Amino acid sequence: MAYPGYGAQPGYPGGYPQQAQDPLYGYFAAVAGQDQQIDQNELQQCLSSSGISGSYQPFSKDTCILMINMLDRDYSGKMGFNEFKELWGVLNQWKQTFMTYDRDRSGMIDGAELAGALGAFGYRLSPQAVGALIRRYGVNNQIAFDAFVGCAVRLRALTDFFRRKDTQQNGTALMMYDEFIANVMSV
């Protein structure tokens with residue numbers, strides 16, 4: 001008997017889920033439950049137990065909600081294993097970038113370091129835009145890793161929205177006020 005959506009695996013009579021062979025699946029399955037989906041509380045627990053935040057503080061529930069929303073293609077408010085695996089890859093990139101720009105290893109980055117980190121992702125923001133991000137996500141002009149992830153998630157979502165509206169790819173977009181508000185509030 002094959003598992004729905006997985007097909008049969010060679011060497012496993014009746015089939016075996018591919019996910020169970022993935023090393024990340026253990027972290028996911030430990031908290032996913034019967035529905036094989038994780039919500040923000042389960043994601044927070046899973047990421048904390050995995051150690052992906054390293055010596056940084058664990059992710060807040062707000063950041064976990066943002067991460068789920070970033071990849072929640074079916075709008076269920078939860079994340080399946082494939083979405084979790086995608087998130088894991090993105091988180092590792094963000095962590096490496098954060099560590100690269102956290103030169104004093106304080107667990108915090110300032111505005112110049114934030115501009116460099118975002119530049120490494122391809123964002124070219126004005127000093128005013130970087131200042132707005134520092135004011136929104138920082139404490140005493142410093143951003144912790146958890147807030148950096150929240151900032152990166154929102155910046156990614158807003159950039160994707162803007163690109164869809166920038167039909168000529170010239171850095172300008174035409175949108176209705178309601179579209180703008182709805183998008184900003186959903187991120």
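**Aromatic rings and the surface**

Reply: Phe 28 has a relative accessible area of 0%, so Phe 28 is buried (buried means under 20% relative accessible area, exposed over 50% and partly exposed in between, with a 1.4 Å probe and protein chains only). This is a predicted model, in which local features need pLDDT of at least 70 and side-chain atom pairs count only at pLDDT 80 or more, while totals for chains, interfaces and linings use all residues. Residues are numbered from 1 along each chain as its sequence is written, and side-chain values use heavy atoms, with hydrogens and water left out.

Me: How many aromatic pairs does a search of the whole structure find?
Reply: Rings of Phe, Tyr and Trp (its six-membered ring) pair if their centres lie within 6.5 Å, and planes under 30 degrees apart count as stacked, over 60 as edge-to-face and the rest as tilted. When the whole structure is searched, the number of aromatic pairs found is ten.

Me: What kind of aromatic pair do Tyr 25 and Phe 81 form?
Reply: Tyr 25 belongs to helix 1 (residues 25-32) and Phe 81 to helix 4 (residues 81-101), so the pair links distant parts of the chain, 56 residues apart, where helices (H or I, at least four residues) and strands (E, at least two) are DSSP runs numbered from the N terminus. Tyr 25 and Phe 81 are both buried. Their rings lie 5.2 Å centre to centre with 75 degrees between the planes, and the pair is edge-to-face.

Me: Why is the pair of Phe 28 and Phe 84 tilted?
Reply: Phe 28 in helix 1 and Phe 84 in helix 4 are 56 residues apart, and their pair links distant parts of the chain. Phe 84 counts as buried because its relative accessibility is 0%. The ring centres are 5.7 Å apart, and the pair is tilted because the planes stand at 40 degrees.

Me: Which residues do ring pairs link into a cluster?
Reply: The cluster includes Tyr 25 and Phe 81, which form an edge-to-face pair. Ring pairs link the whole cluster, whose members are Tyr 25, Tyr 27, Phe 28, Phe 81, Phe 84 and Trp 88.

Me: Is Phe 180 buried or exposed, or partly exposed?
Reply: The place of Phe 180 is in helix 8. Because its relative accessible area is 39%, Phe 180 is partly exposed.

Me: Where does Ala 132 lie?
Reply: Ala 132 is partly exposed, because its relative accessible area is 34%. Ala 132 and Gly 111 are 21 residues apart in sequence and 9.7 Å apart in space, C-alpha to C-alpha. Ala 132 lies in helix 6 (residues 127-137).
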